[in-house]
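Subject: Structure for you to look through

Dear colleague,

Here is the structure I promised to hand over, and I would be glad if you kept it open while you read. My notes on what was found follow below it.

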Amino acid sequence: MDRRSRLIARARQGYRLAYGVEPTRFVAAPGRVNLIGEHVDYNEGYVLPCAIDREAIVAFGPPAQEAKQPVFEAVALDLGDMASARDSFDLHAPVRPGENNWQNHVRGVVQALGRYGHRVKPMRIAIAGDVPIGAGLSSSAAFGVAVALAVSEFSGLGLVPEMLAKVAQLAENDFVGCACGIMDQMVAAVSTEGHALLLDCRTLQHMAIPIHPSLAITVIDTGLRRSLTESAFNQRRAECEAAAAALGVTALRDLDSTRLLLAEPDLDPLLFRRARHVVTEMERVEPVGVAMALGDTAQLATLMREAHASLSEDFEVSLPPIDRLAAILAEALGEAGGVRLTGAGFGGCLVAVCAKEATGAIDTAVGRYNRDADWPARVEVFRAVGGAGPVAAG
Ligand code: GLA
């Protein structure tokens, strides 16, 4: 059985166990790895993530026949014991936060759909996923977009992918309490197989960029997790907004490095560094896209090294062991590819975009790092996959 069939089987089995009947349909949404454009989405600039072959699957079907109230029922298969993994709430009452974080990802989607004016019918869902949680690979966006799609299909809402992304983002912003941008949800919703997604986070216009067939996308999970991620993330976002306000622009998207340099003397030094990361990072997005389409690994090495340094020094979202691993990997790859921190930071993963034959050098370097690391790192090569959609139950 392949990875996806196993996941579908888990979702099906969980649904049967929870509700005593078969689900009628399945949908899926992938996790993602961001290749370049970090902490840029909420500054309304361009980003270049790609969807990966790890996903959230939702099995769904009609409500219990005997139900007297219009109830939405959910069971999450990887997120708690038999009791905490279940949820149900009344669709006629205002949606309130649940006791568990995962419940709020479901409730938040239902509430967000309501706020966009959609009527959600009573239904039952079971969710299974294999996107690593808390690693910076967007398990939450996969979860939110998959739930939004299941509801859209069951309630006949016919939502376009951009709307699924917006609904899942609103759920995170207003219900879960994370001020995330739109990148993760968009890439989960609209990606094309074998391609990365060049996305304008202001207009949501997007374009699929081919990943050169000679390249491999490798994720190195440092195993480090920092629990304060959400508050630190929200703080970075607030700093960027403060910098934009001080500079008199709507968002940092509206600046370039020349304008920023001219403004340096008048700007608080910390806000200047935050803004410098965002502005220089935005200027790397297109060149990385071109290098990736052409398979220009030397260019990827240079640009991704700069990107990592900027995240670490100016944006301060790396950790010393991650910097050490990034330096070891950059040296091992040389001009065969680039490596940098990916996702929000404060732990999580590095991503390497390199020649396929250089992935062995990554394994060797990580083996060396693990010999005296407190947290061993793990390497995984991902395939770029398409965005959310229905899946055949097989
Ligand atoms: C998290 C957020 C995204 C984005 C990245 C950083 O993944 O959910 O919206 O801001 O961090 O690039």
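In this predicted model, the side chains of Asp200 and Arg253 meet in a salt bridge, with N and O 2.8 Å apart. The protein is divided into domain 1, residues 3-207, and domain 2, residues 211-382, and across the interface of these two domains the rule finds four salt bridges. There are also 20 residue pairs in polar contact across the interface of domain 1 and domain 2, counted where both residues have pLDDT 80 or more. On the side of domain 1 that touches domain 2, the elements that give two or more residues are E1, E2 and E6, and the largest share, seven residues, comes from E2.

How much area is buried between domain 1 and domain 2? The figure is about 3,100 Å², of which carbon and sulfur atoms give 62%. In terms of residues, 37 from domain 1 are in contact with 41 from domain 2, while the centres of the two domains, taken over C-alpha atoms, are separated by 27 Å.

Turning to salt bridges in general, the count by this rule comes to 27. One of them joins Glu55 to Arg4, whose closest N and O atoms are 2.8 Å apart; because Glu55 lies in strand E2 and Arg4 in helix H1 (residues 3-19), the pair ties together parts that are 51 residues apart in sequence. Glu55 is buried, since its relative accessible area of 5% falls under the 20% cut-off, whereas Arg4, at 33%, counts as partly exposed.

Another salt bridge is formed by the side chains of Arg284 and Glu306, at 3.8 Å from N to O. This pair links distant parts of the chain, with Arg284 in helix H8 (residues 269-294) and Glu306 in helix H9, 22 residues apart. Arg284 is buried, with a relative accessible area of 6%, while Glu306 is partly exposed at 39%.

A further pair is Arg378 and Glu380, with closest N and O atoms 3.6 Å apart. Here Arg378 is exposed, at 55% relative accessible area, and Glu380 is partly exposed, at 24%. Elsewhere, salt bridges that share partners join Arg236, Glu239, Arg273, Arg274 and Glu316 into one network.

Please look next at helix H10, residues 320-333. Which residues of H10 are buried? They are Ile322, Leu325, Ala326, Ile328, Leu329, Ala330 and Leu333, and the buried residues of H10 pack against several elements, among them strand E8 (215-225), helix H9 (297-314) and helix H11 (359-371). Just after H10, Gly334 takes a positive phi of about 55 degrees.

Finally, there are two backbone angles to check. Most residues other than glycine have a negative phi. Glu44, however, has a positive phi near 70 degrees; Glu44 sits in the loop between strand E1 (25-36) and strand E2 (46-61), and is partly exposed at 26% relative accessible area. Leu204 also has a positive phi, near 65 degrees, and is found in the loop between strand E6 (195-200) and strand E7 (206-210), but Leu204 is buried, with a relative accessible area of 14%.

With best wishes

Note on methods:
Residues are numbered from 1 along each chain as its sequence is written. Side-chain values use heavy atoms; hydrogens and water are left out. Helices (H or I, at least four residues) and strands (E, at least two) are DSSP runs, numbered from the N terminus. Buried means under 20% relative accessible area, exposed over 50%, partly exposed in between (1.4 Å probe, protein chains only). Contact means heavy atoms within 4.5 Å. Domain bounds come from an automatic or database domain assignment. Buried area is the accessible area (1.4 Å probe) that two parts lose on being put together, summed over both. A polar contact is a pair of N or O atoms within 3.5 Å; within protein, one must be able to donate a hydrogen and the other to accept it, and residues adjacent in sequence count only if both atoms are side-chain atoms.
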